[in-house]
Amino acid sequence: MKTNALTPGLSIWLDALRVWATIIVVLSHVAYPRFTRGDYICMRELNLGSDSVVVFFVISGFVIAYAASRDGTLASYAFNRLTRLLSVLLPALLLTYVFDQWGQRIGPEAYTSFYNPMPVGEFLLRGLTMSNEWGAFERIRLGTNGPLWSLSYEGAFYVLFAIAFFMSGARRLALLCVGAWLIGPRILLLMPAWLMGVRIWNWFAAGGAGRVSDRTARLCAWGGPLIYCAMQYFDVPRILAAHTVAAFEPQHYRMVLAFSDEFIWNALIGVLTSMHIMGMARLLRSYDGQHPRIRWWAGASFSIYVTHYPALHLIDAVFPAETLARDGLLVVGSLFGWGVVCTCF
């Protein structure tokens, strides 16, 4: 029997995962040698930031499937998704533009790479439509805000899911084909992880958590993270990347695939994340604890994600001397730069 109820225990755990993934993304970006001399390069070598984005995708698929079942209509779904996204994205884009302009005047040497200057109109148009990575258009970096690539993917997933969920017949098929063409194959390569989240919601809504034994749930909950660590230890991402290189020769696979260059590894992360969430859904089925701090950080995680990278560049421009104190400032400033968004807008 289906239910639209999301248990408090699973809800708080998803929030905790989202907070953890956000912090890992921020720290992985702080670890770039251009910011911190390469002292924390292990985070870059393990590519933990990109892996955390895939965790976001699985959680997003789950939450959006839950929201669609609650919204009930395409109009309600579209309104709720757009207002949620744009209420944070518009201020974040304006903040990015302002930070980039300030930073270039203060310390232009911090903007010699990983920055793409562009007219403010085009900047806002491509950012607000979340089309900066869509295959039918030229790929473009929005100023210094490179992490917004994942929002382009998310927006595409939302659109395709809405077509599949709310429409039917020939119209659904035609719109899915047009949508897939506009979005392009690169984005579609990472959609399996997002769809795994959708599948978990359908399983959960159908009472799947109640049919899993506690022993199996513990195996899934612990097995997902432990298998991930084992795969990292045995260098599975590098092995898979080597196969991808061979498949795309003589072209450079990263030039072709861009942010989808580890699509096989990302699909495996999606499976392991799904295992973990399914196990926790069972283990936390009766948990009703209140964790306001986790809720607060989860509510801020989206804002942190879309503002931390331009904040890093601005701090780099204002404080060019590379010291341990600046390392701490980079972490704190990138985590709380979103506060400017909340204050100003």
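**Backbone geometry, charged pairs and pockets**

Alanine 258 counts as buried, at 13% relative accessibility. In this predicted model, alanine 258 lies in the loop between H13 and H14 and has a positive phi of about 55 degrees, although it is not a glycine. A positive phi is also found at phenylalanine 114, where the angle is near 60 degrees in a residue other than glycine. Phenylalanine 114 belongs to the loop between H5 and H6 and counts as partly exposed, with 36% relative accessibility. A further feature of the backbone is the peptide bond from glutamate 249 to proline 250, which is cis, with omega near 10 degrees; proline 250 is placed in the loop between H12 and H13.

The charged side chains were examined next. By the rule applied, the count of salt bridges comes to eleven. One of them is formed by aspartate 327 and arginine 37, whose closest N and O atoms are 2.6 Å apart. Because aspartate 327 lies in helix H16 (residues 324-336) and arginine 37 in the loop between helix H2 (33-36) and H3, this pair ties together parts that are 290 residues apart in sequence. Aspartate 327 counts as buried, at 5% relative accessibility, whereas arginine 37 is partly exposed, with a relative accessible area of 28%. Another salt bridge joins arginine 285 to aspartate 214, with 3.4 Å between the closest N and O atoms. Arginine 285 is located in the loop between H14 and H15 and aspartate 214 in helix H11 (residues 214-233), so the pair ties together parts that are 71 residues apart in sequence. Arginine 285 is partly exposed, with a relative accessible area of 36%, and aspartate 214 is likewise partly exposed, with a value of 29%.

A salt bridge is also made by the side chains of arginine 254 and aspartate 261, at 3.1 Å from N to O. Arginine 254 is partly exposed, with a relative accessible area of 49%, while aspartate 261 counts as buried at 15% relative accessibility.

Side chains of opposite charge can pair when their charged atoms come close. Aspartate 100, in helix H5 (residues 74-106), is buried yet has no salt bridge, and the nearest side chain of opposite charge, that of arginine 141, is 8.9 Å away. With residues up to four places away in sequence left out of the count, aspartate 100 touches Tyr111, Tyr115, Gly143, Thr144 and Pro310. Pro310 is also among the residues touched by asparagine 145, together with Thr96, Val306 and Tyr309, under the same exclusion of residues up to four places away in sequence. Asparagine 145 is found in the loop between H6 and H7 and is buried, with a relative accessible area of 2%. Glycine 127, which lies in helix H6 (residues 120-128), is buried as well, with a relative accessible area of 3%. Its contacts, not counting residues up to four places away in sequence, are with Leu89, Leu93 and Leu142. The C-alpha atoms of glycine 127 and isoleucine 140, 13 residues apart along the chain, are separated by 9.7 Å.

Turning to the pockets, the largest pocket holds about 990 Å³ of space. Of the 37 residues that line the largest pocket, Arg44, Asn47, Ser50, Phe259 and Asp261 are the closest to its centre; Asp261 is also the partner of arginine 254 in the salt bridge described above. At least two residues of this lining are supplied by each of several helices, including helix H1 (8-30), helix H12 (236-248) and helix H14 (263-283), and H4 gives the most, with six residues. The lining of the largest pocket divides into 19 nonpolar, eight polar and ten charged residues.

The second largest pocket has a volume of about 760 Å³. The elements that give two or more residues to the lining of the second largest pocket are H1, H4, H5, helix H7 (149-166) and H15, with the largest share, ten residues, coming from H4. The residues of this lining divide into 16 nonpolar, six polar and six charged.

How values were computed
Residues numbered from 1 in each chain as written. Predicted model: local features only at pLDDT ≥ 70, side-chain atom pairs only at ≥ 80, totals over all residues. Heavy atoms only, no water. Helix = DSSP H or I, 4+ residues; strand = E, 2+ residues; numbered from the N terminus. Buried < 20%, exposed > 50% of the residue type's maximum accessible area, 1.4 Å probe, protein only. Lys, Arg positive; Asp, Glu negative; His and termini not counted. Salt bridge = Lys/Arg side-chain N within 4 Å of Asp/Glu carboxyl O. Contact = heavy atoms within 4.5 Å. 1 Å grid on protein atoms, 1.4 Å probe; cavity = no way out; pocket = protein on both sides within 12 Å on 5 of 7 lines; lining within 4 Å. Points joined across faces, edges and corners; volume = space filled by probe spheres on them. Nonpolar A, V, L, I, M, F, W, Y, C, P; charged D, E, K, R; others polar.
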